[in-house]
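Take a moment with the sequence and the model below. The paragraphs that follow lead through them step by step.

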Amino acid sequence: MKPWKRVSEEVLFQNQYARLEKRRYLMPGGNEADYFIHGTEQHVATVVALTSDDQFIMAREYRPGPGVIIDESPGGLMDEGEDPMVAAERELLEETGYKGEMHFLGRTYISAYSPKLKYCFIALNCEKVTEPNHDGNEFIEVVLKSKEEFIAQVEAGEFTDQENALWALRYLGW
């Protein structure tokens, strides 16, 4: 198998946070097809965070894509050139006010139609050290969940960072 030949590309939309490209490819069978690629190469860091008594620290937010309020792993866009672990530590502190012992779990593409990578971490023995510091477009409520509540949420598919949750649960031996 070989990569498809890119015939053309056109940026349909771009701003600070999003980019949408239309790319036309010459397919192995000889026909051409359009694919829509979303996302910039500004990567993401997320962190499953636990207190010393195994309470999961969640960021509760309204998410306009699914149109629901959801409890998620703290995380967000990495600054250009930023080390993924530094970004995860920064996002955890900004969104929740907590710090902890950070461990890298893995990285993955966020979608087959995006160049964006997601770096996943777990933070153990977290302690609240300050108040959250949200930017003007973040409206986050910090929520603590038990192991059972967290696992039930993940099993129900009501979590936007499933790979991070699964890696974290495996790391914890649960």
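Predicted model: local features only at pLDDT ≥ 70, side-chain atom pairs only at ≥ 80, totals over all residues.

**A walk through the model**

Helix α3 spans residues 162-171, and its buried residues are Asn164, Ala165, Ala168 and Leu169. They cover an arc of only 130° around the axis, so they lie on the same side of α3. Leu166 and Arg170 are on the other side of α3, and they are exposed. After α3 comes Gly173. The phi of Gly173 is positive, near 75°.

Now step back to the whole chain. The protein chain has 3 helices and 10 strands. Read from the N terminus, the elements run β-β-β-β-β-β-β-α-β-β-β-α-α. The C-alpha atoms fill a box of roughly 60 × 35 × 30 Å along the principal axes. The protein chain has 174 residues, and 39% of them count as buried. Contacts also tell how the chain is joined up. Take those between residues at least 6 apart in sequence: 58% of them join residues at least 24 apart.

Next, look at strand β6, residues 68-72, where Ile70 is found. Is Ile70 buried or exposed? Its relative accessible area is 12%. Buried means under 20%, so Ile70 is buried. Which residues does Ile70 touch, leaving aside its neighbours within four places in sequence? The contacts are Ala59, Arg60, Glu61, Arg63, Gln153, Glu158, Phe159 and Thr160.

Asp71 is buried, at a relative accessible area of 6%. Arg60 is partly exposed, at 29%. The bridge is part of a network of salt bridges that links Arg60, Asp71, Glu141 and Lys145.

How many salt bridges does the structure hold? There are 16. One of them joins the side chains of Glu21 and Arg19, at 2.7 Å from N to O. Glu21 counts as buried, with 7% relative accessibility. Another salt bridge pairs Arg6 with Glu9. Here the closest N and O atoms are 2.3 Å apart. Arg6 is partly exposed, with a relative accessible area of 39%. Glu9 is partly exposed too, at 43%.

The largest pocket holds about 1300 Å³ of space. Its lining counts 33 residues, and those nearest its centre are Glu61, Arg63, Gly75, Gly76 and Leu77. Which elements give two or more residues to this lining? They are β4, β5 (56-63), β7 (75-77) and α1 (84-96). Helix α1 provides the largest share, 4 residues. By class, the lining of the largest pocket has 13 charged, 11 polar and 9 nonpolar residues. Two of the residues nearest the centre, Glu61 and Arg63, are also among the contacts of Ile70.

The second largest pocket has a volume of about 260 Å³. Its lining is made up of Trp4, Arg6, Arg23, Tyr25, Tyr35, Ile37, Ser111, Ala112, Tyr113, Ser114 and Pro115. Strands β2 (19-26) and β3 (32-38) are the elements that give two or more residues to that lining. What is the make-up of this lining by class? It has 7 nonpolar, 2 polar and 2 charged residues. Arg6 is among the lining residues of this pocket, and Arg6 also forms the salt bridge with Glu9.

Technical notes
Residues numbered from 1 in each chain as written. Heavy atoms only, no water. Buried < 20%, exposed > 50% of the residue type's maximum accessible area, 1.4 Å probe, protein only. Arc of directions from axis to C-beta. Contact = heavy atoms within 4.5 Å. 1 Å grid on protein atoms, 1.4 Å probe; cavity = no way out; pocket = protein on both sides within 12 Å on 5 of 7 lines; lining within 4 Å. Points joined across faces, edges and corners; volume = space filled by probe spheres on them. Nonpolar A, V, L, I, M, F, W, Y, C, P; charged D, E, K, R; others polar. Salt bridge = Lys/Arg side-chain N within 4 Å of Asp/Glu carboxyl O.
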